[in-house]
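Dear colleague,

Please find below the structure that I am handing over to you. My findings follow directly after it.

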Amino acid sequence: MQTLKEAVAAAWEKKIALGHFNLSDSNQFNAVLAAAAAVGQPVLVGVSEGERKFFGVRNIAAMVKAARDAGVQVYLNADHTYSLDGCKEVIDAGFDSVIFDGSHLSLEENIATTMSVVEYARAKGTGVLVEGEIGRIGTSSKLLTAPPADMDKNLTDPEEAARFVRESGVDMLAPAVGTMHGRVIGAADPKIDLERITMIRAAVGIPLVLHGGSGSTDDDLRVVGNAGCSIAHINTDIRVAYRKGIEASLAADANEIAPYRFLEGGVDGVEKTTEKYIRLFAGA
Ligand SMILES: [Zn+2]
């Protein structure tokens, strides 16, 4: 079984992006695995601080380990983690990667704390990867009525990114390239700055991770791997698919009380949505 680092290097060689899908429970986990098996691509599952509190850090780690032991190429990422202690917890729990999100800090403070996470990860000796973040991509995967006020002004500068990577020692970088977390209801699709991705990738020399993929055009998402993002995140659209699927199940039979029946619609929705994105990220 490839390590995450090897799987990401293979994606870079193929000029594709691996899909990263956020989860809050085991139903969504099973749906993502079914989608990945249907396409035949490795996949990452991610849990934010809120998602992992609900799921349980040890629970999701155990489920991923069990799947891997059964030969499934699935990797576990701790999405946006805002403290050094939070990073240590998931590193100790055996996650494959962790994102320290210091994008709200000054560049110097962001570098300093990211360095501490990298040191802790290296000392652990498990090969856990650390992702850093600079620029502004918003904070939560919600349906919004308006975009966050400072969204457009803070796209990542390639030279600043190179300095951040050199000084912090991170393995992967999340740049701000036009996407955002969440979706603005009724707004036009955000445009991904593909040229900027290519410039940043050349400047930093490490894998890039696209965040906030929900709501971008299929044409843009099909080529983010070629531009230089080796992992691409989807959260909002997975949440929408889960909720809509469950609502449809409940509407079809208002008296259904067996969770494995009324949750089934949500599982199907997540599986279909995930499969669509894995294919797009693979350039299909
Ligand atoms: Zn993100």
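Does Cys-87 count as buried or exposed? In this predicted model, Cys-87 counts as buried because its relative accessibility is 0%, under the 20% cut-off. Cys-229 likewise has a relative accessibility of 0% and counts as buried. The structure contains zero disulfides.

The metal site may be of particular interest to you. Three histidines coordinate the zinc ion, namely His-80 through NE2, His-181 through NE2 and His-211 through ND1, at 2.0 to 2.1 Å. The spacing of these donor residues in sequence is H-x100-H-x29-H. His-80 belongs to strand S3 (residues 74–81), while His-181 sits in the loop between strand S7 (172–174) and strand S8 (183–184), so the pair ties together parts that are 101 residues apart in sequence. His-80 is buried, at a relative accessible area of 7%, and His-181 is buried with a relative accessible area of 7%.

Leaving aside residues up to four places away in sequence, Phe-29 touches Leu-23, Val-45, Ile-60, Met-63, Val-64, Ala-67 and Val-74.

One backbone feature remains. Lys-15 is not a glycine, yet its phi is positive, at about 60°. Lys-15 is placed in the loop between helix H1 (4–14) and strand S1 (18–22), and counts as partly exposed at 35% relative accessibility.

Yours sincerely

Technical notes: Residues are numbered from 1 along each chain as its sequence is written. This is a predicted model: local features need pLDDT of at least 70, side-chain atom pairs count only at pLDDT 80 or more; totals for chains, interfaces and linings use all residues. Side-chain values use heavy atoms; hydrogens and water are left out. Helices (H or I, at least four residues) and strands (E, at least two) are DSSP runs, numbered from the N terminus. Buried means under 20% relative accessible area, exposed over 50%, partly exposed in between (1.4 Å probe, protein chains only). A disulfide is a pair of cysteine sulfur atoms within 2.5 Å. Contact means heavy atoms within 4.5 Å. Donors are N, O and S atoms within 2.8 Å of the metal (3.2 Å for Na, K and Ca); water is not among the atoms, so sites may look incomplete.
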